[in-house]
Amino acid sequence: MTSWRDRLNRMTGRTRFVVCRLFIHLAGEDAAPMLGVLNEEGRRAVAADGDMEVLGESLANIAQALLQYDTYWRSVANEGDVFWEEGQAGDEFNALYTDSARRYLSGPDLEAATLPADKPLALPVTRNLVVMITVAFEGECPELESDLSSAEALGKGIQALINLHYNGRLRALQVHFSPAQLGDELTADQLLVNFPELVPI
């Protein structure tokens with residue numbers, strides 16, 4: 001993402017913004033508990049009402065959980081771009097946000113995610129889970145501005161998300177996941193149709 005235009009903009013002191021999105025596909029019955037982490041952090045994010053410190057902490061918790069579930073990573077995709085105008089970065093973030101929200105089974109129902117105490121737990125367990133993380137940040141982050149299609153690169157990219165939060169460089173973030181609700185299932189065929197950009201790790 002470095003070009004003569006980037007170098008020129010740096011020389012003139014302009015702020016560099018990066019907007020990027022990661023898709024992380026986890027597979028296996030034992031990966032389903034990750035849904036619990038995502039729903040818990042989702043409720044926390046809603047309660048935070050846009051507080052970036054709380055949102056960043058939630059992202060760090062999700063990233064840490066993803067690192068612990070690395071044996072379930074099966075495929076991945078990432079995309080992004082560099083902007084020198086904050087408005088353009090915001091437009092790109094909103095476009096990626098809207099696309100992630102429209103993905104199959106990614107509409108969360110955080111109230112339904114908590115089962116009533118008197119309701120028996122007899123829900124099917126999904127064998128596939130796709131986590132979509134969209135972030136906008138200032139400056140450079142080589143770990144995220146590269147191909148993440150290997151487990152090593154993906155691990156470094158996820159760790160970089162945590163560092164962006166603790167370095168105070170995040171400007172916007174959003175996490176979507178499919179399926180978003182306990183009991184929903186994402187089959188292998190649905191995965192291929194709705195997430196064609198994924199490539200095996």
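The stops below go from the sheet to the core, then to aromatic pairs and salt bridges.

**Before you start**

This is a predicted model, in which local features need pLDDT of at least 70 and side-chain atom pairs count only at pLDDT 80 or more, while totals for chains, interfaces and linings use all residues. Residues are numbered from 1 along each chain as its sequence is written, and side-chain values use heavy atoms, with hydrogens and water left out.

**Stop 1: the sheet**

Show the model as a cartoon and colour the strands. Helices (H or I, at least four residues) and strands (E, at least two) are DSSP runs, numbered from the N terminus. In what order do the 5 strands of the open sheet lie? The order is β4-β3-β1-β2-β5, with antiparallel pairing. The edge strands, β4 and β5, each pair on one side only. Two strands count as paired if DSSP finds at least two bridges between them.

Select β1 and β2 next. These antiparallel strands are joined by 10 bridges.

Then move to strand β5, residues 199–200. It pairs with β2 in the antiparallel sense over 2 bridges. Here Val76 stands opposite Val199, and Ser75 stands opposite Pro200.

**Stop 2: the core**

A nonpolar core is a set of buried Ala, Val, Leu, Ile, Met, Phe, Trp, Tyr and Cys residues joined through side-chain atoms within 4.5 Å. Buried means under 20% relative accessible area, exposed means over 50%, and partly exposed is in between (1.4 Å probe, protein chains only).

The largest nonpolar core has 42 residues. Select Ile24, Leu26, Leu66, Ile133, Val135, Phe137 and Leu144, which have the most contacts inside this core. Which element gives the largest share of the core? Helix α3 does, with 8 residues.

Now find Ile158 in helix α5, residues 151–166. Is Ile158 buried or exposed? Ile158 is buried, at a relative accessible area of 0%. Beyond its neighbours within four places in sequence, Ile158 is in contact with Ile24, Ala63, Leu66, Leu67 and Trp73. Between Ile158 and Ile24 there are 134 residues of sequence separation, but 9.9 Å in space from C-alpha to C-alpha.

**Stop 3: aromatic pairs**

Rings of Phe, Tyr and Trp (its six-membered ring) pair if their centres lie within 6.5 Å; planes under 30 degrees apart count as stacked, over 60 as edge-to-face and the rest as tilted. The structure holds 2 aromatic pairs.

Select Phe23 and Phe195. Their ring centres are 6.5 Å apart and their planes are at 70 degrees, so this pair is edge-to-face. Phe23 is in strand β1 and Phe195 in the loop between α6 (188–194) and β5, so the pair ties together parts 172 residues apart in sequence. Phe23 is buried at 1% relative accessibility, and Phe195 is buried at 2%.

Next select Tyr69 and Tyr72. With centres 5.8 Å apart and planes at 45 degrees, the pair is tilted. Tyr69 counts as buried at 17%, whereas Tyr72 is partly exposed at 22%.

**Stop 4: salt bridges**

A salt bridge is a side-chain nitrogen of Lys or Arg within 4 Å of a carboxyl oxygen of Asp or Glu. How many salt bridges does the structure hold? There are 10.

Select Glu85 and Arg14, a salt bridge whose closest N and O atoms are 2.4 Å apart. Glu85 is in the loop between β2 (73–83) and α4 (86–102), and Arg14 in the loop between α1 (4–11) and β1 (17–27), so the pair ties together parts 71 residues apart in sequence.

Finish with Arg171 and Glu138, whose side chains meet in a salt bridge (2.9 Å, N to O). Arg171 lies in strand β4 and Glu138 in strand β3, so this pair links parts that are 33 residues apart in sequence.

Note on methods
Contact means heavy atoms within 4.5 Å.
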